Amino acid sequence: MHPSTRLIIWLSLLLGFTSMVYFLSLPAHLPVIVTCVIVVAYAFISYRWFARHIPSPVGLQSTTGESARAYMILVAGLAVIVYKAYNIEKQYGHWDAWWLWDHHARYLQDSTYWRQLFTLNDEYHPDYPLFLSSLIAFFWRLTGTFNSLVPYTFSIFIAVVIPATIFISLHTRNLTIACFAFVVFAFSDAYHTFALAQYADQPLGFLYLCAFICLEYARQQKHLITVIGGLLGCCIWMKNEGMLLSLIFILFNARTLLANGNATRFAAGIIFPLSVYAYLKLNAPANDLVKGQSMKTLRLLTDGSRYRLIGSYFYTRLTDHALPATICAVFYGVYCYAARRLPGRNILTLIICAIGFALVYLLTPHDLSWHLNTSFDRVLFQLMPAFVYVIARNLCNLRFYTEGGQFQ
């Protein structure tokens with residue numbers, strides 16, 4: 001694993017730990033300064049643990065010239081992203097930001113009345129996991145203001161770090177493919193729109209991406225199984241969809257994560273986030289999708305019009321907002337056919353995740369058209385970072401040639 005990738009993953013886990021510790025500090029009536037001390041102590045201990053147990057493989061180093069060229073490309077791409085962000089970002093994010101995530105954060109910022117969050121009507125979704133809201137609330141309480149720069153900073157961080165992580169993780173294997181993957185994000189208005197919306201969808205996609213990156217090295221570096229457990233736990237703490245994504249990830253990689261004595265390592269990473277999530281669910285009202293289920297739900301499975309409507313949304317979005325990723329998928333399909341190989345397990349994992357989302361829509365108690373219109377785009381983009389990375393990683397064995405010789 002590249003040292004910069006390792007640092008990014010450590011930082012993502014630090015943010016998750018900060019969010020969870022702050023949430024637990026509210027019922028414990030801990031002063032915010034005590035929370036800060038706990039976070040700083042965790043940062044120091046976990047950083048040393050990462051440095052000691054997760055070294056960078058020797059085979060991934062580049063020459064000085066290659067590294068300079070790669071980082072020039074990275075800086076240029078990030079400049080494009082930041083420039084596009086300036087033109088796309090709304091002042092307070094999209095409507096879900098101030099209606100849900102920032103609204104929840106305002107409750108959590110108050111050490112006395114934070115429990116009133118769980119008395120809100122279903123339209124405010126008081127059952128939603130609180131990674132994002134609790135993290136925002138922590139910094140609001142620390143600074144003593146409701147500064148809109150806090151959610152914006154996290155939003156722009158996610159917009160930048162997703163393509164940067166993919167590029168950094170791939171450029172030592174195949175610079176050309178890493179550039180192609182980077183371009184998918186740098187020039188995608190749809191990606192920027194969702195990444196800068198200040199929602200929890202793209203942060204969830206980032207955490208899921210990190211889990212796939214860690215999985216690649218987990219067989220050689222067993223301590224990464226603990227990291228994967230922590231990342232999947234953070235996915236669950238980020239959004240309710242994180243539970244579905246994490247279960248599918250575990251199902252497809254059970255041998256790596258749970259066999260040969262690895263179950264203890266995996267449990268060490270996921271137990272704390274799961275415990276915090278369980279505590280939240282014990283205090284929060286039931287999810288609106290769960291409360292809306294009844295015997296009528298089974299009849300939805302035989303309604304052909306619902307399948308057609310969901311299928312049309314998949315087709316439209318894959319050929320519109322997610323067109324670059326779709327092109328990557330087609331290219332990967334041609335590559336698999338030419339190499340006479342089946343798609344890898346990671347691709348199948350993501351396909352099953354998409355099918356799982358479709359099943360949720362199929363069984364939704366809400367009006368299906370309304371539910372698809374208000375959430376389908378951003379839910380689909382939860383899978384996009386991992387999807388682009390997995391395809392690009394599989395294509396890294398390709399080499400491109402110019403008249404003067406191999407380009408890569």
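This is a predicted model: local features need pLDDT of at least 70, side-chain atom pairs count only at pLDDT 80 or more; totals for chains, interfaces and linings use all residues.

Modeller: The side chain of D201 meets that of R378 in a salt bridge, 3.4 Å from N to O. That pair links distant parts of the chain: D201 sits in helix α9 and R378 in helix α19 (residues 368-380), 177 residues apart. R378 is buried too, with a relative accessible area of 13%. Both belong to a network of salt bridges that also takes in D96, K239 and E241.

Further along, E216 pairs with R393 in another salt bridge, at 2.6 Å from N to O. Here E216 is in helix α9 and R393 in helix α20 (residues 384-395), so parts 177 residues apart in sequence get tied together. E216, at 24% relative accessibility, counts as partly exposed, and so does R393 at 22%. For context, a search of the whole structure turns up eight salt bridges.

Now for the packing. Helix α9 (residues 201-217) and helix α18 (residues 345-362) have axes that come within 12 Å and cross at roughly 155 degrees. The two are therefore roughly antiparallel to each other, and their crossing is right-handed. On the α9 side, Y208, F212 and L215 make the contact, meeting N346, T349, L350 and C353 of α18. By class, that contact has five nonpolar residues, two polar ones and no charged ones.

How values were computed
Residues are numbered from 1 along each chain as its sequence is written. Side-chain values use heavy atoms; hydrogens and water are left out. Axes are lines fitted to C-alpha atoms, for helices over the stretch in contact, and angles run from 0 to 180 degrees between N-to-C directions. Helices (H or I, at least four residues) and strands (E, at least two) are DSSP runs, numbered from the N terminus. Angles under 35 degrees count as roughly parallel, over 145 as roughly antiparallel, 65 to 115 as roughly perpendicular and the rest as oblique. A crossing is left-handed if the near helix is turned anticlockwise from the far one by less than a right angle, and right-handed if clockwise. Contact means heavy atoms within 4.5 Å. Ala, Val, Leu, Ile, Met, Phe, Trp, Tyr, Cys and Pro count as nonpolar, Asp, Glu, Lys and Arg as charged, and the others, Gly among them, as polar. A salt bridge is a side-chain nitrogen of Lys or Arg within 4 Å of a carboxyl oxygen of Asp or Glu. Buried means under 20% relative accessible area, exposed over 50%, partly exposed in between (1.4 Å probe, protein chains only).
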